[in-house]
Amino acid sequence: AIGTNRFWSFGLGYIENNIATQFRLQSPEGYDSIFPKRYGELLAAASHKGELTRDIPRADALVSSTDRIDQVLSDPYRVRILAILGVRYIAASNTPPKHVDEKMIPPPQLRPIWQDSAYTIFENQTALPRAFLVGKFEVVPEGGQILTRLFDPNFDPAASVILESAIVGFTSTEEVAGDAEIVDYQPNSVV
């Protein structure tokens, strides 16, 4: 079961924005007139080599795409955004694009878990969990610098978070104890 894990689709297998919502599937993409600026900046930066840009769609939240399964993880910025957004499942069309003659081999980090005549669903093994604990944090006060650091290959989002300002009473540490788990996910409440 997909549970609270997110999915993404692309190319000929693309599932239109917000269709997934009708089936209670979680997607990092969508269309909403109430569009969080920071989320738009994050997705736009993934399409602009990790840099803050003014070229942010007003209401469409889209992950940069491709039309080939063998290229899904070839863009390091797409890899990072899919990982930090917890995109565990990727839906791909089994019909190759018209301009492709050779067999497309998915990268080993995409493990096929379901297939029919039209689609294959892959498990993205680079995806981070939707909820997890870390003990380390970095303070980066400026938006553009935050995005640059987040997309830096030397930054490990599984081990550290980026904060805009320090939190009084907390110190960054390698040691962390405990677990994080989403036990209830509703449209207006996450527990």
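Modeller: Buried means under 20% relative accessible area, exposed means over 50%, and partly exposed lies in between, with a 1.4 Å probe and protein chains only. This is a predicted model, in which local features need pLDDT of at least 70, side-chain atom pairs count only at pLDDT 80 or more, and totals for chains, interfaces and linings use all residues. Residues are numbered from 1 along each chain as its sequence is written, and side-chain values use heavy atoms, with hydrogens and water left out.

Colleague: Are W8 and F10 buried or exposed?

Modeller: Both W8 and F10 are buried.

Colleague: And how many aromatic pairs are there?

Modeller: The count comes to 2 aromatic pairs. Rings of Phe, Tyr and Trp (its six-membered ring) pair if their centres lie within 6.5 Å; planes under 30 degrees apart count as stacked, over 60 as edge-to-face, and the rest as tilted. W8 and F10 form a stacked pair, at 5.4 Å centre to centre and with 25° between the planes.

Colleague: Why is the pair of Y77 and F151 tilted?

Modeller: The ring centres of Y77 and F151 are 5.9 Å apart and their planes stand at 55°, so this pair is tilted. Y77 lies in helix 3 (residues 76-84) and F151 in the loop between helix 4 (143-150) and strand 8 (160-163), so the pair ties together parts that are 74 residues apart in sequence. Helices (H or I, at least four residues) and strands (E, at least two) are DSSP runs, numbered from the N terminus.

Colleague: What is the relative accessibility of F151?

Modeller: F151 has 8% and counts as buried, whereas Y77, with a relative accessible area of 22%, is partly exposed.

Colleague: Turning to the sheet, in what order do the strands lie?

Modeller: The order is 1-4-6-5, in an open sheet of 4 strands with mixed pairing. Strand 1 (6-9) and strand 5 (110-115) are the edge strands, each pairing on one side only. Two strands pair if DSSP finds at least two bridges between them.

Colleague: How many bridges join strand 1 to strand 4?

Modeller: There are 4, and strand 1 runs parallel to strand 4 (residues 87-93). The bridge partner of F7 in strand 4 is Y89.

Colleague: Lastly, where does G13 lie?

Modeller: G13 is in the loop between strand 1 and helix 1 (19-22). G13 is buried, with a relative accessible area of 0%. Neighbours within four places in sequence aside, G13 is in contact (heavy atoms within 4.5 Å) with S93 and Y119.
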